[in-house]
2 protein chains.
Amino acid sequence: MASLKSWFSIPRGSHFSLANIPFGVISTSSSSTPRVAVAIGDYALDLEAFAANNGFSALSTIQPHQSVFSQPSLNAFAALGRPLHAVVRKYIQSIFFENTPYPDVLKTNDSLQKQVLIPLKEVKSHLPLKIGDYTDFFAGYHHAYHCGVMFRGEKDAMQPNYKHLPVAYHGRASSVVVSGTPIRRPHGQILENPGAEKKVPIFSQCRKLDFELELGAFVCTPNPRGEPVSVDHAEQNLFGLVMMNDWSARDVQSWEYIPLGPFNSKNFGTSISPWVVLMDALEPFKVKGIENDADVLPYLKQKGDATVYDIQLQVDLKTQTGNSATITKTNGRHLLWSYPQMLAHHTITGCNLQSGDLLGSGTISGTSPSERGSMLEQSENGKQAVKIANGEDRTFLQDGDEITFTGVCGTDDEALVGFGHCTGKIEPALDLGL
Amino acid sequence: MASLKSWFSIPRGSHFSLANIPFGVISTSSSSTPRVAVAIGDYALDLEAFAANNGFSALSTIQPHQSVFSQPSLNAFAALGRPLHAVVRKYIQSIFFENTPYPDVLKTNDSLQKQVLIPLKEVKSHLPLKIGDYTDFFAGYHHAYHCGVMFRGEKDAMQPNYKHLPVAYHGRASSVVVSGTPIRRPHGQILENPGAEKKVPIFSQCRKLDFELELGAFVCTPNPRGEPVSVDHAEQNLFGLVMMNDWSARDVQSWEYIPLGPFNSKNFGTSISPWVVLMDALEPFKVKGIENDADVLPYLKQKGDATVYDIQLQVDLKTQTGNSATITKTNGRHLLWSYPQMLAHHTITGCNLQSGDLLGSGTISGTSPSERGSMLEQSENGKQAVKIANGEDRTFLQDGDEITFTGVCGTDDEALVGFGHCTGKIEPALDLGL
């Protein structure tokens, strides 16, 4: 990794080392129009300004496409396809190399540095892509198993279809928001006494508000309607990953979900981290997922063993009083189904995916209690409180609680490929006067 | 209705009488850029050309907004809100009145007539709105009941939540297509022997391909995230209705849907009729829906009895060999939940709906076999064939079958408010070599 030494000061331990180069959409107080950027160390490189000042003049393949960097979303850049993403990412890396072949572009160009490198703390991040459709899978095996045990007992924990297909549902795209956006506690119908014979709901604020620790993949290359994407080609249609918090109203969910699945319990907000880590940046961290002992149908059989990613994931909860704790440490590898398998299954009917579509992994949990990616699992559906600090504990989320996800690949402090953070704070429910 | 007499020749029995004025998006061979139009009799009135030729010069309120008619979708027009829709619709009606107050605009202007009135048979219809999110409800009571009887028996036919909330799931927006678009038979996982103890799926073309007769409502006015819309205000946020065919792969559905609901069984295509009938045009046809004997929570209690629409709905099936039959006659009134109730429920969590979002009603069936809005119900899940003609019959759809929905309000042949048709023909599955 010697070649990744940079003339630019990138703090040790930064998620945004030269090995990463994640893409996002930013604005600043002096320039409020959202545009495309990459994150490097503690800075954003404003690609609109960089392109306008001939930053890409050495890169002929990107010349005809430079307008993508002036867009308020990454959709147009994503739609250029993975070969061009790779060219742009490598070029940006090379600009920052200690021994860059293009010193005039930025290394020795102080005035351009001042213009295009903006401290991240001065940057406002926006939703990185305009999401057409959002699909949420259920590929976190330990989560599915543990929820199954809680609700149906060990014997029937896994549904018969679980190991044969990547179970999924269509989610709500309009309420996907960027990290930092507050989440208002929703109202809904809940059953106060689910065990009663006569099931009559009450109207209430959600009392079992939860987070779900997920990864989200963005689609770059669309497939036409009617044309499935093969599992071995599917990775070429994926742009990159973000962390995703699929906020969930568990009490609303358990009453509403039969027979058509979760609806209101999931449609009030989904948070994603602002910087999209490209598939190429994740390639060195591929690992084997959870072994599937079912006889998987050919359209889901993927070549090679390493199909998921070794991403160290962490959840921190900070309460309104300032107490905080790391409540989850787990890993992105705990998936039964890989993203190429999810995409191949999604399109096997001919369903058309579009540039900017978001695919959630499903909640990612490990096997032990401290590895579980939701309060539902950690608290055994409210039965045991999770300790925070100074006597505070939680079963589900309280008003003012802030949840922060952190995700990072690698151990070399000078070459981390990280996702930064995905945060969201719970606001009290509206007074609806009902 | 004497005032609806027109100087323009509108055939008796036309769905597009002056009482209607539905909006759509068209292109023509001589002008291939999609733009906004209304349907009148056998003609489309090209509103882009009409506006460009001072057609709206007498209508000062629409002057600042005329660019909406040059858009490739109705989203911008819809977002203007219902008061402006009403103004535009009434103005267009008045232009066509026998005793129009604006004779110079079109009645006596032969050259403009030639320019802006295009025979419908020369018009290509496009998807009328760009759909952000598509939600499919399950409000057709008789459909829910009959499916419940088929799968769980009479005693447990209705799920406990059904009468308390409008059950729904998020659908797939990208594969919503305009009437006339062919639908390719999907592949998927199916269980050949669902009763077997060991459940191992096979990969197959769908063998139980079905239609679902639905209405679809488009949202016009958005609500901000975090802010529910009250049931009595909800109608103001609705643009208009279309007919909708929620094509379904029943064998895929029954295997995949536990526990998160239908996914691949519904994501390969949904057809809608091209002309959006505005809520104002439907107002005279409001009727009482199905009585709900549950104690509905206050946020779903709607003022007034007439909350759904008396729309005569019909399904015709034409086979590849040319045999055809009307297989369903039913009515839009067979809903337990109204659109305002659906919208109020959808947003009670704070879920933000956007201009162009589509809300499906769920399958609309009456009580008798010939009133059922799907083959699943008509054939009792494949157990009894439905007669077409000349010895041909169907349990589910075969390749080459064409399904046509027709919907119309009213009995006065000179003042019908109709939806036209929503058609789709089944293409054979792709050979995937699997």
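Predicted model: local features only at pLDDT ≥ 70, side-chain atom pairs only at ≥ 80, totals over all residues.

Q: How are chain A and chain B related?
A: Copies are superposed by least squares on the C-alpha atoms of residues with pLDDT of at least 70 in both. Here a rotation of 180° with 0.0 Å of shift along its axis puts chain A on chain B, with an RMSD of 0.0 Å. The two copies are thus related as by a two-fold rotation axis. In chain A, the C-alpha nearest that axis belongs to A:Gly261, 2.1 Å away. The same surface serves both copies, as 100% of the contact residues of chain A recur in chain B.

Q: How many residues are in contact between chain A and chain B?
A: Contact means heavy atoms within 4.5 Å. By that rule, 64 residues of chain A are in contact with 64 residues of chain B. Buried area is the accessible area (1.4 Å probe) that two parts lose on being put together, summed over both. Chain A and chain B bury about 5,800 Å² between them, and 61% of it is on carbon and sulfur atoms.

Q: How many salt bridges are there between chain A and chain B?
A: Side chains of opposite charge can pair when their charged atoms come close. The rule asks for a side-chain nitrogen of Lys or Arg within 4 Å of a carboxyl oxygen of Asp or Glu. Between chain A and chain B the count is four. B:Arg172 and A:Asp357 meet in a salt bridge, 2.6 Å from N to O.

Q: Which elements give two or more residues to the side of chain A that touches chain B?
A: Helices (H or I, at least four residues) and strands (E, at least two) are DSSP runs, numbered from the N terminus. Among the elements of chain A that do so are strand 6 (134-137), strand 7 (168-170), helix 6 (250-256) and helix 8 (339-347). Strand 7 of chain A gives the most, with three residues.

Q: Which parts does the salt bridge of A:Arg333 and A:Asp310 tie together?
A: The closest N and O atoms of A:Arg333 and A:Asp310 are 3.6 Å apart. A:Arg333 lies in the loop between strand 21 (324-331) and helix 8 of chain A, and A:Asp310 in the loop between strand 19 (306-309) and strand 20 (312-318), so the pair ties together parts that are 23 residues apart in sequence. Over all chains the count comes to 50 salt bridges.

Q: Where is there a cis peptide bond in chain A?
A: A cis peptide bond joins A:Ile258 and A:Pro259, with omega about 5°. A:Pro259 sits in the loop between helix 6 and strand 16 (270-272) of chain A. In chain B, a cis peptide bond joins B:Ile258 and B:Pro259, with omega about 5°.

Q: What does B:Phe203 touch?
A: B:Phe203 is in strand 11 (residues 202-205) of chain B. Not counting residues up to four places away in sequence, B:Phe203 touches residues including A:Leu297, A:Tyr299, A:Ile348 and B:His187.

Note on methods: Residues numbered from 1 in each chain as written. Chains lettered and ligands numbered in written order. Heavy atoms only, no water.
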